[in-house]
Amino acid sequence: MTNISADTRIPFPCHLVYATYRDKLNDLIPYMHNVRSVQIKSRREENGKVYTINEWHGGGEIPAAARAILSEDMLSWTEYNTWDESKLTLEWQIKTHAFTEAVHCGGKNQFIAEGDTTLIQSRGEMSIDPHQMKGVPWFLTGTIAHVVEDFLGKKIEPNLLQMSEGVRHFLEQATKNRSL
């Protein structure tokens, strides 16, 4: 199991940062260099919570050692989110488009006000069950599980940090445009 942990601070008020994360996803894509596109599949509001499903298509190179095993599908995933504004939290679960049954990944982001600054604490876990890797010879599943976990583990935390940087840049640009 791989632990996911990323903390970032954004110099804007908490409710603004939270709403930007939740509601401005497509506006943030230009600031995220590892993301080619995001498709919002669904969004519904119920009992004070917002539920979203987004399909992400990442960018970047697949390492040479992993190319024989992994495909572009490893750079695509579907994200299931539950936004709770009363607690300023986001609970997320990721389903990869490759080895969907084997990869389990999820976590929670907490948005914490620190004056006019926001601390975002992202925590999660990822595990890969080699026995659920369909279409892979049994004697390779352990090795492939390790390669996939290493590859994904090196993508998730930087993507969380890059998303925060995108929010910061977006809000800075929006503030600058309003002051003109």
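How many nonpolar, polar and charged residues make up the lining of the largest pocket, by class? I will come back to that in a moment, but please keep in mind throughout that what we are looking at is a predicted model.

Let me begin with the sheet, which is open and made of seven strands in the order β1-β7-β6-β5-β4-β3-β2, with antiparallel pairing. At its edges are β1, residues 2-10, and β2, residues 35-46, each of which pairs on one side only. From one strand to the next, the twist averages 15°.

Now to the largest pocket, in which about 650 Å³ of space lies. It is lined by 39 residues, and the closest of these to its centre are W56, W77, E79, I94 and M163. The elements that give two or more residues to the lining are α1, α2, β2, β3, β4, β5, β6 and α4, and the largest share, eight residues, comes from α4, the helix that covers residues 141-178.

That brings me back to the opening question: sorted by class, the lining of the largest pocket holds 20 nonpolar, 12 polar and seven charged residues.

Terms used: Residues numbered from 1 in each chain as written. Predicted model: local features only at pLDDT ≥ 70, side-chain atom pairs only at ≥ 80, totals over all residues. Heavy atoms only, no water. Pairing = 2+ DSSP bridges. Helix = DSSP H or I, 4+ residues; strand = E, 2+ residues; numbered from the N terminus. Axes fitted to C-alpha atoms, helices over the stretch in contact; angles between N-to-C directions. 1 Å grid on protein atoms, 1.4 Å probe; cavity = no way out; pocket = protein on both sides within 12 Å on 5 of 7 lines; lining within 4 Å. Points joined across faces, edges and corners; volume = space filled by probe spheres on them. Nonpolar A, V, L, I, M, F, W, Y, C, P; charged D, E, K, R; others polar.
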